Amino acid sequence: MNKNLKTVKDHGLFVGSGVESIVDSGTQTNLNQYGQYEPQYSDNDASGVEKVTLNAQESRNENDISDTIFSGIRGIKQDEHIGYYLKLYAGHTIEGEYRARGSSGGLVSWVASKMLEAGMVDGFIHVVKSKKPGILFEYGISRTTQDIQAGSKSRYYPAELSSVLKEVKKTPGTYTVIGIPEIITEVRLLAENDPDIAKRIKYYFGLVCGHQKTTKYAEAIAWEYGIEPGDLESIDFRVKKDSGQAIEYDMVFTGKTKHDGKTKTYTVRNNEPFVSSWAHGFFKARFSDFTDNTFNENADITFGDAWLDEYNDDPHGNNIVIVRNKALLELLKKGMRDAELKLDAVSADTIKRSQQGLIHHTRDELPYRLQKEQEAKGWTPHKRYNTAQPLTADREKVQDIRQQIAKKSHIYYKQAIDRGDFAYFVKKMQPLVNKYKDLYKQPYDTTKPVKADGAILTLTGYFNYGNVLQRYALQKFLRNNGYKFVSYVDRYSAPRDIYPVNTRTTLEKIHVAIKRFFNYEKPYWYRPTYNELFTDVHGWENIIEFVNRYIWIKPFNPNDTYKTYIVGSDQVWRNWWGDREKVAYYFLNFLKGRKANRIAYAASFGKDTIEDVMSHDDIEYVRPYVETFDHISVREATGKKILKQTWGRNDAVEVVDPTLLLSADEYTEIIDANEKVRHEKIQPMFSYILGETPEIRTFIRRLQDKRQQAITRIRAHAGSEDDILPPVELWLKGFRDAELVITNSFHGMMFAIINNTDFIIIGKEAGGLARIKDFLKKYGIVGRLVEEGKLDQFDIANLKPIDWQEMNAKRAKYRTESGRWLLESLK
C-alpha cells in the first residue's frame, strides 16, 4: 500500500465500494470488526488503486467527472448544489405495484424495469437480499423485471461491488448500476480506468443518502428487541402505512429471540429503536462526514425522497428526480404520456428544499469538520467546498457531538457484543445522546431529581377532570404503600403537559433589576402566566395547576430503565387515534426485549368487542406485546373476555378504577386545601356533561323543574374564549356536596359513588357504554342509567333509592382485593 492510500486508511475514509479489487487483483474488500467494508491490500504498491479511490490524492473530484460526462449535453443546466440537470421532477408511479413495493414513489424500480424491457440494458446492478451467512444484503444483478421489483426498497446496510464487477467484466452485456454518491463516484472513476467497465456499465442511478450505515445498525435494532447478533434473519427498513405522513413508516424484522428461542417478527415505528435517529448518526461510516456530494452529481439520474410539505401528507411516498441523461428523460416523458407516472415538474429550489438539512451538513458545516480534521491529524481530503461562513458555537457543538456519537457507537457496540449486553451499549451512549438533545431542548423540563420505583402510563392531557384524577389516584395509592411512581406524559402530548411553572426564588442584582425596569422588561423573578408561555392553554390553567401540584410527572423517555411499568387506567387499549403505534405505546412496545416487570392495572377497552376499538392489523401488531405482560388486570369484565378471545390471555383479573382505591376523605383533603373552593357553595343539583347536546340540556331542565332545585354546572371543556374551566377541587366538591348528580362521565359516576351522592348517568355508545353497564351490574345498581337516545322516556319519579350500605360493602371488598393484587404484582 502506497503512502497516499495509507493516509486515507488511517483517517478511516475508505468507501469500501469494492472497485479496488478490479484494479488490483490482490486486493480484497472485507467487513472490518465494526461492520464497514474496507479494502485489504496486497503487498505490492497498489498505486493504480489511488485513481479510483475517493478521498485519495490522485483521484478526480465530482466536478471533474461531471464536466466530462454532462457539460456537452445540449440544453443542460447547472446548479451549485444539484450539479448538472436537464429536468427536475417530483412524484410517483401509477402503473402496477412499483410504488407499493418501493420505499418512496416506486420510480427506481419502474425506470430500471422499463430500461430492461426496452433493451437499453441487459441487467440492473442493485442491492438485494444476500445468500451469504451472516450478511443480510449484497450487490447482485437482476435480469428480469420480477427480480428488479423483488429487490426494491431502501437498504440501510453496506454493500460492496467487487464480485458483481468481476461478473460484469467477464460477461458480455450492458448494465445499469445504482448506489449512494460515494459508490457512484468510485465506479465512475473505475470506468475511466477500465475499458470493460466503461463499455458495459452504460447507466448510473444515484440515490440521495444522508449517510452510510454499517451492518451493526440493523443488528442493533434487532438486538434491542431480544434478537441477538447473528440471529437476525431479515429486516425491511421501510414499510409504508395507509395513513399519516410519508415520514411515518415501520420497520419489520424477523429473528430468533434469546428469551424463548422462538422466531418472532416485530413491527416497530421507524423512530422507536434507540439507534434509529438519523440526526444522531449511530454507526455512521466516517467517509459520510467528508462528502460534499449532496445530490449524487455523477449519476445519469438521481432519486431521493420528496421530503416536502406538498407531498408529506401522502403516506404512499413520492420521489424527487434529477435527470441528466436524455434517453432517461424520454423514458420518463413516455411514462407520463402513457399515464404510468404522475410527475410534477419542479424548480431547483424545490429540489434543494427537499434536502435542506443534508445540504447544510454536506456544504455549510463540512468546512468546520475539515478544519477539525486538519488540526487533529494534520491532513484532510481535498474537497470542492472547503470554505463557508463560520458556524455558531451551538452548531459547532452539534457537529462535535454527532461525530462523537458516530465514533463511540462503533466502539461501545463492539464492547457490548463482547459482554453480551445491549444495555451496556445504551448506558454508554445515552450521555452523548442526552448532550445532543440538550442542544435542542426547550427552556423547560419537569423531570424531578427523585429516584422513581417505576413509571405509570395512561392517557394524559388537561381536557378531562376524570382522567387527571385517575392519574392522581393511582400514584397516590402507590405512594401510600411506600412506592414512588412517576406518571409519564406520553410522547403525543403537547409541551404544556410537561411544564410546571415555578416561582423564581433567586433575586436579581440591583443594577440589573434597575436596567430591566427602564427597558420595560420583566424582572428575573417574574413568574410568567400559562397564557404567556402557551397561548393555546387558555381555559385550562386550573387543571394544569392541579397536575403540577399533585402529580409527579415527567416526559416519556423510552430509554428509562425502571424495573416496573404500569399501564392504566382509563381507555388506554382503545385506538382513539387510528394509529397503531400510539395504542401500542400502552402495550409497552418501547420496552422491546428489555427485562422489566410489566403490569396492566385497570386497563380498559371501553367497548364490548375488540372490533369496535381496534382493526385486525392493530390486533396482530400488539400481539407480541400483550404476551409480555407479567401481570394483567382490566377494569371491566368485558375486558377479560376480549383478552382471552383475542390474544389467549386467560389470566387477566378484574379490578376497580384507581379513583376507587382512595377514600372520600382523601379527596376532601384536596378540596379543603384550596381556600377559595372550600367556601364556594354547590347547589342541590350538579351536572358535569361531556359534549352537551340540546337534548341533554332539555333533559336537565326537566329534572330541575320536577325537583324545583338550583343547579351548579361544570362543562368538560371551556365554552367561549373567555371561559376558564373551574378548579379540580371545585369539580370534586360538586360530587361531594350535591344531592343529585347528572353526568355522562364514567369518572363522574365514580365520584358520585365515592361520596354516596344520588346520581343519574347518561350513556352513549360513542363514549364507551360497556364500562358503565358493567360497573352498574357488578354493584347491583339499577334504574340509574338512561341512554342518550331515550332521554324523553325517563321518569325521575321511578327512581329507587340506592342501598349505600350494601354498595359501600361491595366497594370496600373490591377495593381491598384490587389493591392487594396490585401490591402483590409489584413484588
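Two strands are taken to pair if DSSP finds at least two bridges between them. Helices (H or I, at least four residues) and strands (E, at least two) are DSSP runs, numbered from the N terminus. The model is predicted: local features need pLDDT of at least 70, side-chain atom pairs count only at pLDDT 80 or more, and totals for chains, interfaces and linings use all residues. Residues are numbered from 1 along each chain as its sequence is written, and side-chain values use heavy atoms, with hydrogens and water left out.

**View 1. The hairpin of strands E11 and E12.** Strand E11 (residues 250-257) pairs with E12 in the antiparallel sense over 7 bridges. Methionine 251 is placed opposite valine 268 of E12. Between the two strands of the hairpin are 5 residues, and glycine 261 in the turn has a positive phi of about 75°. In strand E12 (residues 263-269), 5 of the 7 residues are buried (under 20% relative accessible area, with exposed over 50% and partly exposed in between; 1.4 Å probe, protein chains only), so the strand is largely enclosed by the rest of the structure.

**View 2. Phenylalanine 253 and the largest nonpolar core.** A nonpolar core is a set of buried Ala, Val, Leu, Ile, Met, Phe, Trp, Tyr and Cys residues joined through side-chain atoms within 4.5 Å. The largest has 119 residues, and those with the most contacts inside it are Phe253, Phe425, Tyr565, Trp573, Phe587, Met614 and Trp647. Helix H17 (residues 422-439) supplies the largest share of this core, 8 residues. At least three residues come from each of domain 1 (3-214 + 284-363) and domain 2 (454-660); the domain bounds come from an automatic or database domain assignment. Leaving aside neighbours within four places in sequence, phenylalanine 253 is in contact (heavy atoms within 4.5 Å) with residues including Ile221, Tyr225, Leu232, Ile235, Tyr266 and Val268.

**View 3. The open sheet of 7 strands.** The strands follow the order E18-E17-E16-E19-E20-E21-E22, with parallel pairing. Strand E18 (553-555) and strand E22 (653-654) stand at the edges with a single partner strand each, so one side of each is left without a neighbour in the sheet. Strand E20 (residues 597-603) and strand E21 (residues 631-634) run parallel and are joined by 3 bridges; isoleucine 599 stands opposite histidine 631 in E21. Helix H18 (residues 465-480) lies across strand E16 (454-457), strand E17 (485-489), E18, strand E19 (564-567) and E20. H18 runs at about 160° to E17, where axes are lines fitted to C-alpha atoms, for helices over the stretch in contact, and angles run from 0 to 180 degrees between N-to-C directions.

**View 4. The two faces of helix H24.** H24 lies across E21 and E22, at about 135° to E21. In helix H24 (residues 637-647), the buried residues are Thr638, Gly639, Ile642, Leu643, Thr646 and Trp647. Seen down the axis, these buried residues fall within an arc of 140° (taken from the directions from the helix axis to the C-beta atoms), so they line one face of the helix. The face turned away from the buried side carries the exposed residues Lys641, Lys644 and Gln645. Glycine 648, with a positive phi near 75°, follows H24.

**View 5. Threonine 176 in strand E8 (residues 175-179).** Threonine 176 counts as buried, at 1% relative accessibility. Beyond its neighbours within four places in sequence, threonine 176 is in contact with Met115, Val121, Gly123, Phe124, Ile125, Tyr203 and Phe205.
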